[in-house]
Amino acid sequence: MSEPSGSVTAGMSPTLQQADKPNRPDWLPMALVVGLTVVAIVIAVAVTPKFLTVDNIRAILRNAAIVGIVAVSMTPITLSGNFVSLGISQSAMAAMVSFVALVGTGMPQVFAIVLVIAGLVAVGVLQGAVVAAGLNPVITTLAAGAIIFGVVSEVSGGGIVRAGDAPLSWGGSTVAGIPIEVLVFLIVTIAVTLLMSRTVTGRETTLVGANRPTAEISGISFTRVTIVAFAIFSVGLAIAGILNGAAFGQATAKSFPDLTIDSIAALLVGGTAIAGGQGSPLRSAGGAILIAVISNMMVLNDFSTGGRLAVQGGVVVVVVVVLDLMRRGAFRR
């Protein structure tokens, strides 16, 4: 694997140079995700006649794209040992509402996009700084989510925010028949995967999650790694919110009700260790596709909300247990 510039490589400790090894997605976890996805598709086709229609496949891809963008961008947080965010739905909702509202005032869409991303990154960096200072990441993100939801609800009056006459049809458009959300999903997955596997920042992130004391001895700043991870995550949240805002042209404080649970499920099913140090954005993307297929099949078969959550939770538990056994070497005989 090619290294960054010589000056950086020369000053890198041996421990850091080895940090990229656990970050490479081995084939077993990825094969498990792919295999389960194939099984889910076969079952869906067998029990759901409408599953293979063009419109339904497009809907699955769009849902997988939004969840995948968030799961992929959250992977650095989990890899760094900072668990997951519980403010996903609220942050993506804030991005969606803000984008629609800004465009509705007549602001050029490019400026609105930049402003929303910058705002989300600022909020994410603040959360990362608080977590790096020692506060539990679950508590921090849960509190941040509550604050964001409260602020947006007050500002919007709890009603629907509309973009007015602004031309936002690009949000639901396709390029060569591929939904734009899916193309963005691919770009985000490639970008974050390269960042985690081909840069010093990515290797530092993995090493901090795998062994924080060793990382600190090697001179790696936990604070810097955590803040960068939250910043990457925030960009993903902003993109997800903007895409949905552009697709619907309106938003409310109740947007993205299931995004938090779906994104965390996708990340875990993809094999990223909740304690950090193992996983990859590519696997998180695969997990998002699996979750989207299963969710779509259950919706088409009129599963209740409780039933869908139970099945989804069961899938997560089974995959996490199997992956844990793989890590422990139970299947390497």
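1. Basis. In this predicted model, local features need pLDDT of at least 70 and side-chain atom pairs count only at pLDDT 80 or more, while totals for chains, interfaces and linings use all residues. Residues are numbered from 1 along each chain as its sequence is written, and side-chain values use heavy atoms, with hydrogens and water left out.

2. Largest pocket. A pocket is an open set of points, on a 1 Å grid over the protein atoms alone, where a 1.4 Å probe fits, with protein on both sides within 12 Å along at least five of seven lines; lining residues have an atom within 4 Å of a point.

3. At least two residues each come from α4 (54–79), α11 (222–248), α12 (259–269), α13 (281–300) and α14 (305–327); helices are DSSP runs (H or I, at least four residues), numbered from the N terminus. The largest share, seven residues, belongs to α13. By class, the lining of the largest pocket has 16 nonpolar, seven polar and seven charged residues (nonpolar: Ala, Val, Leu, Ile, Met, Phe, Trp, Tyr, Cys and Pro; charged: Asp, Glu, Lys and Arg; polar: the others, Gly among them).

4. Second largest pocket. Ala94, Val97, Ser98, Val151 and Val152 are the closest to its centre among 16 lining residues. α5 gives the most to this lining, with six residues. The lining comprises 12 nonpolar and four polar residues, and no charged ones.
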